[in-house]
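Hello,

I am passing a structure on to you, together with some notes on what turned up in it. Have a look at it first, and then read on below.

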Amino acid sequence: MKLRIPEIEILPDDPFRNDNLERKYAVEGLTNILGSTTDPLVISVNAPWGYGKTTFLKMLHAHLLNNGFKVVRFNAWESDYIDDPFVALLTDTEEQLKVLKSVGDKSLQNKLEKVKNYGKKIIKTAVPAAVRVATAGVLDLNEFTEESIADAAERFASEQINAYLEAKKSISSFREEIKSIAESIYGQQSMLPLVFIIDELDRCRPPHAVRVLEIVKHLFSIDRVAFVIALDAEQLAHSIRTLYGQGMNVDEYLKRFFDIEFHLPIPSADNHLSALFSRFGLDGFFDSRKEIGAADKQGVYALFRSLFKALDFSFRERERVFSLLSLAIRATGPREHLHPFLLGCLILLKVKNTKLYKDFVNGKADAAKIFEYFSSSSEGKEFVDSQFGAALEVDLVYAQTPLWDQDQLHNEFRGRAQDKTLADEERERAICMADIAMKNRFDHIHIDVKSIVAKIDLAAGEGE
């Protein structure tokens with residue numbers, strides 16, 4: 001059993017061996033698109049934060065290499081601290097392209113040097129202009145006069161024209177050299193593009209994220225050069241509106257940058273759950289405890305399967321749930337009852353709705369309040385109405401009932417099960433809950449919610 005989820009290993013020669021999220025077909029489809037044209041191409045891979053974009057890009061990278069593509073990878077977030085990501089992109093491009101051919105290949109080395117030189121000119125012509133705009137060409141603000149400002153404005157206009165012409169020539173030469181490199185690294189036998197893979201764009205500061213897109217579209221719009229950019233479109237939209245105003249038409253704006261919008265497919269709940277049980281090593285744990293809780297795994301599986309979807313848990317939030325579960329399990333003695341429904345339920349709340357978690361623990365919210373939250377979608381309502389939901393309700397009610405009042409609570413469950421005035425569905429649920437309560441009483445299973453909460457908070461690194 002593992003404390004922290006291990007990184008998914010992407011094997012260079014077999015990138016899909018550990019593909020538990022059914023991403024193979026999407027990778028293959030994207031690879032076919034990249035190989036189908038020599039025109040400039042920018043593809044967005046869109047998915048919410050925490051839905052496995054980075055793992056997808058790693059699979060794509062390995063699969064592209066196995067199919068003869070040349071690839072440059074760039075982590076946009078790692079360059080977030082510098083003023084211009086163009087510098088970082090040029091540096092990463094140079095370093096990674098050197099690996100594609102021997103260090104002694106003077107032709108490639110010369111082309112890379114030219115690319116760097118043109119890149120420096122592009123940066124050089126852009127930055128001083130911004131400084132001059134801010135100071136009106138006069139660095140000593142105490143010397144501002146109408147005459148000096150007029151003179152500065154005239155010089156600035158002339159300098160701007162010259163700077164624009166110089167930048168235009170540099171950009172044209174830069175593009176020619178990049179295109180020449182894209183052709184030379186393949187030779188005559190292939191027409192595949194040089195592929196740039198950009199990750200972590202949605203983690204960047206708004207100006208940085210938008211600047212990366214502008215660089216890609218305006219400087220790298222080159223034949224036989226393709227970009228695959230992973231992003232969270234909703235988060236990127238926030239960044240754009242932060243820069244250009246809340247009334248900005250983001251959809252139209254982004255269409256300028258992307259030729260193809262690719263939405264990362266969401267895998268089936270069963271496949272992802274099975275993968276998490278396996279990656280955390282929980283299958284063996286539950287199998288070893290069948291004598292204590294034969295249905296423990298089945299109950300946790302049903303709880304997570306329904307509520308992960310109902311409450312819109314991202315992949316990273318799901319992994320966080322399993323991490324807390326794994327740690328809480330380790331804090332549970334070998335002969336101690338796990339109370340899987342209650343434990344799983346409270347962990348879900350801890351990750352997704354901390355306020356409701358604390359309110360329940362402190363007696364400010366009850367089972368009805370939690371079930372109201374769970375029932376906000378059809379999947380959640382289906383779980384609440386199921387036998388597993390009934391079992392969880394029993395645990396939630398007992399968790400807030402003092403030990404000395406639990407005999408009375410058991411009698412109330414039994415009395416409700418015998419109430420013939422209830423509708424059929426209500427009576428069936430009441431009978432189910434009475435049976436569960438009776439079994440817990442017979443097996444001397446008592447719920448100490450403080451003990452369960454202590455394990456969760458310990459796993460989360462929190463305490464009183």
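Before the findings, one term: a cavity here is a set of grid points where a 1.4 Å probe fits but cannot get out. Please keep in mind that this is a predicted model.

Let me begin with the chain as a whole. It has 464 residues, of which 45% count as buried. Its secondary structure comes to 20 helices and five strands. Among the contacts with a separation of 6 or more, 78% are between residues 24 or more positions apart. The chain exposes about 24,000 Å², and carbon and sulfur atoms supply 51% of that area.

How many cavities of 30 Å³ or more does the structure hold? There are two.

The largest cavity contains about 80 Å³ of space. Its lining includes a run of neighbours, Trp 49, Gly 50, Tyr 51, Gly 52, Lys 53 and Thr 54. Asp 199, Glu 200, Asp 202 and Arg 316 line it too. By type, these lining residues divide into two nonpolar, three polar and five charged.

Glu 200 sits in the loop between β3 (194-199) and α6 (206-219). It has a positive phi of about 65° although it is not a glycine. With a relative accessible area of 12%, Glu 200 is under the 20% cut-off and therefore counts as buried.

Arg 224 also has a positive phi of about 65° without being a glycine. You will find Arg 224 in the loop between α6 and β4 (225-231). Arg 224 is buried, with a relative accessible area of 5%.

The second largest cavity holds about 40 Å³ of space. Ile 8, Asn 18, Asp 19, Asn 20, Leu 21, Arg 23, Thr 55, Phe 56 and Met 59 form its lining. These residues divide into four nonpolar, three polar and two charged.

Is Arg 23 buried or exposed? Its relative accessible area is 2%, so Arg 23 is buried. What does Arg 23 touch, leaving aside its neighbours within four places in sequence? Its contacts are Tyr 51, Gly 52, Phe 56, Met 59, Leu 264, Pro 265, Pro 267 and Phe 315. Arg 23 and Thr 55 are 32 residues apart along the chain, and their C-alpha atoms are separated by 9.5 Å.

His 272 is another residue to look up. It is placed in helix α9 (residues 269-279) and is buried, with a relative accessible area of 3%. Not counting residues up to four places away in sequence, His 272 touches Asn 20, Leu 21, Phe 315 and Arg 318. Asn 20 and Leu 21 are among the residues that line the second largest cavity, and Phe 315 is also a contact of Arg 23.

Last, the cysteines. The structure holds zero disulfides. Cys 204 is buried, with a relative accessible area of 7%, and Cys 345 counts as buried at 0% relative accessibility.

I hope this helps you find your way around.

Best wishes

Key: Residues numbered from 1 in each chain as written. Predicted model: local features only at pLDDT ≥ 70, side-chain atom pairs only at ≥ 80, totals over all residues. Heavy atoms only, no water. Buried < 20%, exposed > 50% of the residue type's maximum accessible area, 1.4 Å probe, protein only. Contact = heavy atoms within 4.5 Å. Helix = DSSP H or I, 4+ residues; strand = E, 2+ residues; numbered from the N terminus. Areas by Shrake-Rupley, 256 points an atom, 1.4 Å probe, with all protein chains shown as cover. 1 Å grid on protein atoms, 1.4 Å probe; cavity = no way out; pocket = protein on both sides within 12 Å on 5 of 7 lines; lining within 4 Å. Points joined across faces, edges and corners; volume = space filled by probe spheres on them. Nonpolar A, V, L, I, M, F, W, Y, C, P; charged D, E, K, R; others polar. Disulfide = S-S within 2.5 Å.
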